[in-house]
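Open the model in your viewer and keep the selection tool at hand. The stops below are meant to be taken in order.

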Amino acid sequence: MQAELPLAFQTRMSGILGQDEARDFFQQLDGDSPVSIQYHPIKGRIDSDLTAVPWYERAVYLPERPSFTHDPLFQAGSYYVQEAGSMFIAWLVSQLKMPERPWRILDLCAAPGGKSCLLASIMPAGSLLVSNEVIKSRAAILRYNMAKWGLPACWVTQLDPEAFQALAGFFDLVLVDAPCSGEGLFRKDPNARLEWSEENANLCSARQSRILRSAVPLLNQGGHLIYSTCTFNPAENEAQVQYLEELGLTRVGLQPPSSWGIHNQHHTYQLYPHRTAAEGFFAAALTAPVSDFDEREKKTRPKAKPKKHKSRNKDYTSEFPHWTKLPRREVELVSPWLERADRFQYFQNKQGRIYALTKELIAAAQELASKLPRIDLGFPLGQLKGKNFVPAPELAFHTALHPKIDRVEVDRETAISLMRKETPQIDKLRHGFQLVSYQGLGLLWLKGIGKRYNNYWPTEWRIRK
């Protein structure tokens with residue numbers, strides 16, 4: 001039984017929608033929430049028999065909510081469970097005039113990670129994505145979800161938005177999915193109604209303005225900012241867009257298809273659950289100005305000559321805090337684990353953990369590392385114990401993993417047992433590290449030792465149900 005909708009919320013929404021439509025709106029908030037997922041661009045297998053989410057081609061609605069925890073495909077990162085309205089971000093990005101080169105993206109309030117997974121899936125090759133979350137516990141969830149998505153140019157930070165100020169003009173796109181009063185979750189989350197108050201909504205509004213004030217300078221000239229919330233409150237939505245205009249940004253005029261049922265008011269977009277198969281979601285896209293001088297310079301600047309391909313053996317510097325470049329001899333032990341291993345430069349931190357970083361992003365990584373207090377650059381590979389390599393748990397999910405790594409395919413029951421940190425019987429297990437896969441997708445590492453094996457699924461990831 002749902003708690004009653006807050007009276008102040010009902011009064012406000014009746015004023016916005018009118019009494020008759022508000023009645024349909026309130027009735028829908030007491031109904032069932034639709035269930036939707038986005039598929040991984042490489043690991044996902046789209047079920048064409050399911051109803052598609054209209055604004056993102058790699059997303060579908062499910063007829064009912066299964067136990068995602070007990071689906072090895074979900075655990076392997078084949079798909080991400082995400083509210084359909086949130087995926088409207090993909091359509092907005094597709095309509096923006098983005099650079100004809102790899103992008104630099106910041107997801108400033110990224111946890112738990114659904115929108116970062118979405119952005120990572122649609123950005124062009126060679127792009128980079130920085131996903132940030134200031135709250136420690138939520139940042140841990142973000143790291144885990146991005147690890148399961150397993151794409152190489154996605155880096156995580158745990159910083160206050162103001163910590164990015166040294167990166168003024170660095171990003172082509174900044175997404176601010178701001179903390180909000182959560183009115184759009186009144187149907188999905190029973191606690192959202194109990195936690196709502198006008199005072200909290202006012203606090204959220206002030207917090208949103210502070211975040212946006214930090215976000216705007218991070219855009220390069222002509223860069224884009226997408227602002228979104230999961231609320232219906234004009235003080236947290238339209239008023240914040242007006243504030244962005246006061247900070248110098250301009251709304252981008254877009255027109256979603258009318259069949260989607262999205263309310264378009266002065267180029268701000270509100271999804272209502274009685275009009276769309278989604279929870280409550282608000283979004284707007286804005287653009288940073290381009291100076292006249294910069295435009296003239298672009299038109300008159302001679303086209304750069306194409307760069308000659310440099311040697312794959314180029315010796316990159318390792319000017320990263322607390323990192324050293326991995327010696328060549330140790331690279332030879334590590335690189336066979338990755339497909340097209342020469343794409344990466346390898347580093348080691350003070351704890352001996354080895355990371356791989358895409359070579360084409362070295363310069364950007366150095367700038368980020370020099371201007372931010374901390375950032376998780378690259379992706380973890382594992383550690384060397386003598387002449388033996390111990391793969392990191394995250395490497396089992398990664399799309400850069402070499403397809404010929406020794407592996408053992410298991411059924412659903414065995415996969416779930418292993419993720420409970422158990423050691424079920426596995427036939428034909430060989431000596432040494434092997435990748436456990438389910439329907440061809442990597443899940444975790446086992447190490448065969450004689451007639452037994454060790455299960456390397458991390459304790460903190462253990463399925464407890």
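The tour goes from a cavity to aromatic rings and then to a helix.

This is a predicted model, in which local features need pLDDT of at least 70 and side-chain atom pairs count only at pLDDT 80 or more, while totals for chains, interfaces and linings use all residues. Residues are numbered from 1 along each chain as its sequence is written, and side-chain values use heavy atoms, with hydrogens and water left out.

**Stop 1: the cavity**

Select Phe74, Gly77, Tyr79, Tyr80, Asn145, Lys148 and Trp149, which line the largest cavity. A cavity here is a set of points on a 1 Å grid over the protein atoms alone where a 1.4 Å probe fits but cannot get out, and lining residues have an atom within 4 Å of a point. The elements that give two or more residues to this lining are β3 (79-81) and α6 (136-149); helices (H or I, at least four residues) and strands (E, at least two) are DSSP runs, numbered from the N terminus. With three residues, α6 gives the most. The space inside is about 40 Å³, where volume means the space filled by probe spheres set on grid points joined across faces, edges and corners. A search of the whole structure finds one cavity of 30 Å³ or more.

Lys148 lies over the face of Phe74, at 4.0 Å from the ring centre. The rule for a charge over a ring is NZ of Lys or CZ of Arg within 6 Å of the ring centre and within 35 degrees of the ring normal. Now select Arg104: its charged end sits over the ring of Phe170, 4.0 Å from the centre.

**Stop 2: aromatic rings**

How many aromatic pairs does the structure hold? There are 30 aromatic pairs. Rings of Phe, Tyr and Trp (its six-membered ring) pair if their centres lie within 6.5 Å; planes under 30 degrees apart count as stacked, over 60 as edge-to-face and the rest as tilted. Select Trp457 and Trp461: their centres are 5.4 Å apart and their planes are at 70 degrees, so this pair is edge-to-face. Trp457, at 1% relative accessibility, counts as buried, and so does Trp461, at 17%. Buried means under 20% relative accessible area, with a 1.4 Å probe and protein chains only.

Next select Phe9, Phe25, Phe26, Phe186, Trp196, Phe232 and Tyr272, which form one aromatic cluster.

**Stop 3: helix α4**

Select residues 88-95. Six of the eight residues of α4 are buried, so the helix is largely enclosed by the rest of the structure. The buried residues are Phe88, Ile89, Ala90, Trp91, Leu92 and Val93.

Terms used. On a 1 Å grid over the protein atoms alone, a cavity is a set of points where a 1.4 Å probe fits but cannot get out, and a pocket is an open set with protein on both sides within 12 Å along at least five of seven lines; lining residues have an atom within 4 Å of a point. Buried means under 20% relative accessible area, exposed over 50%, partly exposed in between (1.4 Å probe, protein chains only).
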